[in-house]
Amino acid sequence: MTRKMALGFLLVVVLATSVPAEEPRLEDLRDKTVVVFTPHPDDELWGAGGTIALLNRNHNRVYVVLYTNDDKGSYDLEMTSQRLARIRKAEEEAAEAVLGTPKENLIWMGYDDGALEYAPQPKLVEEATAIIRRLRPDVLLSIDPGEWYERWHKTDHRMAAFNTIDAVRAAEFWLYFPNQLLQRDLGPYQVPVMYFFYSTPQEANYWVNIDAVMDLKVLAGTKHVSQVEPAINKYRPDWDPAALARFKELLKREQPKKDGHYVEPFRRATEFNQR
Ligand SMILES: [Zn+2]
């Protein structure tokens with residue numbers, strides 16, 4: 001191998017493990033299909049809501065896949081799971097509308113809150129695989145399963161993180177769930193690039209500046225009325241003004257910042273085995 005060839009080889013290795021210089025920034029994509037998997041109706045907002053707003057603004061086709069209906073998280077002793085699921089669905093539609101995602105693009109898988117880990121796993125991964133093969137995303141966003149550090153101690157988050165990456169793997173090999181090709185014409189599909197939200201700080205490797213849409217993200221957050229005091233204690237469809245002001249302040253305070261800007265951190269990865 002000549003010195004020039006060796007340098008070329010080194011360059012290929014470096015490029016294979018970093019963001020290619022010619023690849024557009026996530027927030028600059030246009031006319032692409034973006035699929036966001038989220039355990040609950042709100043995680044995609046806290047983790048990637050600003051990025052979703054920017055992607056919608058740039059005329060991408062953004063779909064949000066919701067594993068669960070979030071029908072447990074209320075302290076109100078008069079609440080029922082059926083009613084809470086309806087409330088959470090309406091709140092999610094309102095929040096995503098603020099970010100520019102039409103409600104037709106919300107895909108509800110319909111699992112009960114807290115029950116994802118106890119769902120039949122072959123069925124769960126088959127369903128997620130079918131969604132990937134049908135929508136064929138240019139970019140996939142999901143809750144981070146971790147590259148080296150698995151972090152989830154909350155059942156639905158753990159399961160959604162691992163199930164989605166398992167479905168990414170299954171989607172590209174047609175012999176996983178061959179009935180999808182034979183009966184539904186859903187051919188195999190390789191997801192080109194993934195951005196994982198809720199990454200650990202030591203694993204985040206990509207930051208999207210959301211200054212331009214931070215107000216939209218906060219406004220979308222306020223649509224999740226039933227998740228926050230006072231409505232989480234005793235349901236009411238509106239806000240106490242003082243609680244609303246406190247919540248908005250909290251969202252701005254807790255939003256990660258980098259170099260003086262509001263950012264959303266991600267772990268970017270290009271293959272299901274995390275390289
Ligand atoms: Zn959640």
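Helix axes here are lines fitted to C-alpha atoms, for helices over the stretch in contact, and angles between them run from 0 to 180 degrees between N-to-C directions. Helices are DSSP runs of H or I with at least four residues, strands are runs of E with at least two, and both are numbered from the N terminus.

The structure above is a predicted model: local features need pLDDT of at least 70 and side-chain atom pairs count only at pLDDT 80 or more, while totals for chains, interfaces and linings use all residues. Residues are numbered from 1 along each chain as its sequence is written.

The protein chain holds 8 helices and 8 strands. Look for helix H4 (residues 121-135) and helix H5: their axes come within 8 Å and cross at roughly 60°. That makes H4 oblique to H5, because angles under 35 degrees count as roughly parallel, over 145 as roughly antiparallel, 65 to 115 as roughly perpendicular and the rest as oblique. Residues of H4 that meet H5 include Leu124, Val125 and Ala128, and among their partners in H5 are Ala167 and Val168. Two residues are in contact if their C-beta atoms, placed from the backbone, lie within 7 Å.

**The core**

In soluble globular proteins, nonpolar side chains tend to be buried together. A residue is buried if 20 or more other C-beta atoms lie within 10 Å of its own, exposed if 12 or fewer, and partly exposed in between. A nonpolar core joins buried Ala, Val, Leu, Ile, Met, Phe, Trp, Tyr and Cys residues through C-beta atoms within 7 Å.

The largest nonpolar core has 55 residues, and Val35, Val36, Leu141 and Val168 have the most contacts inside it. Helix H5 (residues 155-171) gives the most to this core, with 8 residues. Leaving aside neighbours within four places in sequence, Leu141 touches Val34, Val36, Ala48, Tyr195 and Phe197.

Most residues other than glycine have a negative phi, and most peptide bonds are trans. A cis peptide bond joins glutamate 229 and proline 230, with omega about 5°. Proline 230 sits in the loop between H7 and H8. Two aspartates have a positive phi although neither is a glycine:

| Residue | Phi | C-beta neighbours within 10 Å | Class |
|---|---|---|---|
| Aspartate 70 | about 60° | 29 neighbours | buried |

Aspartate 70 lies in the loop between strand E2 (61-68) and helix H3 (81-99), and aspartate 259 in the loop between strand E7 (257-258) and strand E8 (261-269).
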